[in-house]
Amino acid sequence: MRPVIITANWKMNTTPADAGPLAADIAKATDVANVTRIICPPFTNLAAVKDALGGTGVLVGAQNVHAEPKGAYTGEISADMLKGLVSWCIVGHSERRRDQGETDQQVGAKIVRLVEAGISPMMCCGELLEERESGRALSTVQAQVKAALETVQSAGNGLPSDLVIAYEPVWAIGTGKTATGADAAEMADAIRATVAELAGADYAAAVPVLYGGSVTADSFGEFIAEPAIDGALIGGAGLKPDQMSGIAATAAEAAAARAPA
Ligand code: PGA
């Protein structure tokens, strides 16, 4: 059975002074059973958030990692630098694909670095509005997933057992627009079909697929009602304890309903 996962991506928000208290508030507001909770603050606030979350069961994630293990990459952060600070790391977020020109191959290399460091990868994928409107949403996302995961496989050790994939339609991020639950589920099925081609049906069936893009306490229910969707990657609402509280409560109901009798 796949876990139900809710992940707050704080993006470029919070400071070393306010990140710890906010993380503690969110931990308190989301204290429900059988839901994996992850908070991804900026790099500079990882230590404060890790300290604040001690004993809460909420896990800490980074928002990015460099594709190389070390070297002359001024201002970058390696997987080894994250060791001991995080148990998760987001890779391939569409804002990085857009702003830093990250490629699927780089995303794959980042996953390889994370596996080497013992950090669980959460890989983002998603189509642009014009790709959806021209009927290419499924093929675009399948190509992203295939190219990144083939890069992981070409490193020789197969795909990691702790991989999570977050489907985030780019046009839904920070816009207040969401996909429909049915569209997200169709995409999750397409993602798993691609993963199955690469690594087999059993592996694909075990990979959690999250939805992201303007998820709120009000909209989350539509997504987690879909058996193919295992949770959410949450931006704006992930900075709000009351929103995270509602999302966690809905996630806990779904986890209870999915548990084998
Ligand atoms: P949003 O961001 O919830 O603010 O749309 C989601 C994300 O980018 O992960």
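## Ground rules

Residues are numbered from 1 along each chain as its sequence is written, and side-chain values use heavy atoms, with hydrogens and water left out. Since the model is predicted, local features need pLDDT of at least 70 and side-chain atom pairs count only at pLDDT 80 or more, while totals for chains, interfaces and linings use all residues.

## Around the ligand

The ligand has 14 residues around it, and K11, H93, E168, G174 and S214 come nearest; a residue counts as near when one of its heavy atoms lies within 4 Å of the molecule. By class, this shell holds five nonpolar, seven polar and two charged residues. Here Ala, Val, Leu, Ile, Met, Phe, Trp, Tyr, Cys and Pro are nonpolar, Asp, Glu, Lys and Arg are charged, and the others, Gly among them, are polar.

H93 also places a polar side-chain atom 2.7 Å from an oxygen atom of the ligand. G235 takes part through its backbone, with an N or O atom 2.8 Å from a ligand oxygen. Taken alone, the ligand exposes 280 Å², and the protein buries 95% of that (accessible areas come from the Shrake-Rupley method with a 1.4 Å probe; for residues, only the protein chains shown count as cover).

Helices (H or I, at least four residues) and strands (E, at least two) are DSSP runs, numbered from the N terminus.

A17 sits in the loop between β1 and α1 (19–29). From A17 to D51 the separation is 34 residues in sequence and 12 Å in space, C-alpha to C-alpha.

The largest pocket has a volume of about 470 Å³. Its lining has 17 residues, and K11, M12, Q63, N64 and R96 are the closest to its centre. Helix α4 (residues 94–99) gives the largest share of that lining, three residues. By class, the lining of the largest pocket has six nonpolar, six polar and five charged residues.

The second largest pocket holds about 270 Å³ of space. It is lined by 17 residues, with S94, R97, G126, L128 and V170 nearest its centre. α4, β5 (120–125) and α7 (137–154) each supply at least two residues of this lining, and α4 has the largest share with four. The classes here are five nonpolar, five polar and seven charged residues.

For both, the search runs on a 1 Å grid over the protein atoms alone: a pocket is an open set of points with protein on both sides within 12 Å along at least five of seven lines, a cavity is a set where a 1.4 Å probe fits but cannot get out, and lining residues have an atom within 4 Å of a point. Grid points are joined across faces, edges and corners, and a volume is the space filled by probe spheres set on the points.

## One cavity

How many cavities of 30 Å³ or more does the count give? There is one, and the largest cavity has about 30 Å³ of space. I6, A8, I26, T30, R37, I38, I39, V58 and M244 line it, which by class makes seven nonpolar, one polar and one charged residues. β1 (4–9) and β2 (35–40) each provide at least two lining residues, and β2 gives the most, with three.

## A buried aspartate

D230 lies in the loop between α10 (220–224) and β8 (231–234). Is D230 buried or exposed? D230 is buried, because its relative accessible area is 1%. Its side chain makes a polar contact of 2.8 Å with the side chain of R2, and another of 2.8 Å with that of R192. A polar contact is a pair of N or O atoms within 3.5 Å; within protein, one must be able to donate a hydrogen and the other to accept it, and residues adjacent in sequence count only if both atoms are side-chain atoms.

Key. Buried means under 20% relative accessible area, exposed over 50%, partly exposed in between (1.4 Å probe, protein chains only).
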